[in-house]
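Student: I am new to reading protein models. Could you walk me through one, feature by feature?

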Amino acid sequence: MTSSAAQANKRHYEALAKVVASGPSPEEQIEWNDIHWTALAAEPGGVDYIEIDADGIRAMWVQPKGAAEDRVIFYAHGGGFVSGSIYTHRKMVGHLAKATGCRALLFD
């Protein structure tokens, strides 16, 4: 039996296939996926997100409560410069940072 998370992913990609088949532009397809994909991940508790400008690059500090100050995860989200953002990946990076007990810098 598949997990409820796996079933939710399956439903998401079936819905995305219908969106693609209905003919919107590639940009609209990407936007739909980015908006709806983020709902599949749970919000990690005890994590703060601080948006910054890193010398002209949009970035976000992901800071779990009590995180170590002497190490950092430097995280570049996937998407091949086509989709994804610091916002679509922040919850996943929040879980990684919390699990490792350190801060993360997520950047576009």
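Tutor: We will go from the overall layout to single residues.

Tutor: This is a predicted model, where local features need pLDDT of at least 70, side-chain atom pairs count only at pLDDT 80 or more, and totals for chains, interfaces and linings use all residues. Residues are numbered from 1 along each chain as its sequence is written, and side-chain values use heavy atoms, with hydrogens and water left out.

Student: How many helices and strands does the protein chain have?

Tutor: Helices (H or I, at least four residues) and strands (E, at least two) are DSSP runs, numbered from the N terminus. Here the protein chain has three helices and four strands, and along the sequence they follow the pattern α-α-β-β-β-α-β. The C-alpha trace spans about 50 × 40 × 15 Å along its principal axes.

Student: How do I tell whether a residue is buried or exposed?

Tutor: Buried means under 20% relative accessible area, exposed means over 50%, and partly exposed is in between (1.4 Å probe, protein chains only). Of the 108 residues in the protein chain, 29% count as buried.

Student: Which class does each of A6, N33 and E27 fall into?

Tutor: Let's take them in turn. A6 lies in helix α1 (residues 4–21); A6 is partly exposed because its relative accessible area is 36%. N33 is found in helix α2, and N33 counts as buried because its relative accessibility is 16%. E27 also has its place in helix α2, but E27 is exposed because its relative accessible area is 58%.

Student: What does N33 touch?

Tutor: Contact means heavy atoms within 4.5 Å. Not counting residues up to four places away in sequence, N33 touches H12, Y13 and L16. For the protein chain, among contacts between residues at least 6 apart in sequence, 63% join residues at least 24 apart.

Student: How far apart in space are A6 and L40?

Tutor: Their C-alpha atoms are 9.7 Å apart, while A6 and L40 are 34 residues apart in sequence.

Student: Now the strands. How are β1 and β2 joined?

Tutor: Two strands pair if DSSP finds at least two bridges between them. Eight bridges join β1 to β2, and these strands run antiparallel. As one example, the bridge partner of D48 is Q63 in β2.

Student: Where does helix α3 bend?

Tutor: The bend at a residue is the angle between axes fitted to the seven residues ending there and the seven starting there. Helix α3 (residues 86–100) bends by about 35° at M92. Just after α3, G101 takes a positive phi of about 70°.

Student: What happens at the start of α3?

Tutor: There, a side-chain oxygen of S85 reaches to within 3.0 Å of the backbone nitrogen of Y87. S85 itself is found in the loop between β3 and α3, and S85 counts as buried because its relative accessibility is 10%. S85 touches R58, H77 and D108, not counting residues up to four places away in sequence.

Student: Which residues of α3 are buried, and what do they pack against?

Tutor: In α3, the buried residues are I86, T88, H89, K91, V93, G94 and A97. The buried residues of α3 pack against α2 (26–37), β1 (47–54), β2 (57–64), β3 (68–76) and β4 (102–107).

Student: Which residues make up the largest nonpolar core?

Tutor: A nonpolar core is a set of buried Ala, Val, Leu, Ile, Met, Phe, Trp, Tyr and Cys residues joined through side-chain atoms within 4.5 Å. The largest one has nine residues: V47, M60, V62, Y75, I86, V93, A97, A104 and L106. β2, α3 and β4 each supply at least two residues of this core, and its largest share, three residues, comes from α3. Not counting residues up to four places away in sequence, Y75 touches H89, M92, V93, L96, L105, L106 and F107.

Notes
Polar contact = N/O pair within 3.5 Å; in protein donor to acceptor, adjacent residues only side chain to side chain.
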